[in-house]
Amino acid sequence: MFLYLVGKFGASATFLVVYVFATELFPTCYRGVGLGSCSMIARVGGTLAPLLVTLFEKQRMVAPMAFGVLGCTSGVLVVLLPETLGSRLPQTISESEQFGSEQRLLDCCYCITAKREKNQNAAT
């Protein structure tokens, strides 16, 4: 049950985050198409979810475990998206391919980033 609730939280958070990041990560001329595509895939997932529950009706723990694992996976994968705070948004496809390539995995955590910058400034 715990995995299911954590997965539900991760899926809900990912669903909201995708709208913010989709508009920031796609180049300007493709933002509408990118946001529409992300929204369409999210709606397909929402449509298929009840089918997964009815598919595993006789095995009661399979559906909550599947939702829990998928939700936790999506919650972890959101951390891999690049940080956009204070960054210039990409205008072309080549800029969007390079966007965030210099960021590390834990740059999303302000305390880790601030500590790393403090150590780099002290070393120089």
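Here is a short chat about a predicted model and one of its helices.

Biologist: Hi! What should I know before I look?
Modeller: This is a predicted model, where local features need pLDDT of at least 70, side-chain atom pairs count only at pLDDT 80 or more, and totals for chains, interfaces and linings use all residues. Residues are numbered from 1 along each chain as its sequence is written, and side-chain values use heavy atoms, with hydrogens and water left out.

Biologist: Thanks! How many helices and strands does the protein have?
Modeller: There are five helices and zero strands. Helices (H or I, at least four residues) and strands (E, at least two) are DSSP runs, numbered from the N terminus.

Biologist: And how much of the protein is buried?
Modeller: Of its 124 residues, 17% are buried. Buried means under 20% relative accessible area, exposed means over 50%, and partly exposed lies in between (1.4 Å probe, protein chains only).

Biologist: Let's switch to α2. Which of its residues are buried?
Modeller: Those are Arg31, Gly34 and Ser39. Their cover includes α1 (2-25).

Biologist: Where does α2 bend?
Modeller: At leucine 48, by about 25 degrees, and proline 50 follows within four residues. The bend is the angle between axes fitted to the seven residues ending there and the seven starting there.

Biologist: How many residues does α2 have?
Modeller: It has 25 residues and reaches 36 Å from first C-alpha to last, close to the 36 Å expected at 1.5 Å a residue. That expected span is 1.5 Å times one less than the number of residues.

Biologist: What about valine 44, where is it?
Modeller: Valine 44 sits in helix α2 (residues 31-55). It is partly exposed, with a relative accessible area of 42%.

Technical notes. Contact = heavy atoms within 4.5 Å.
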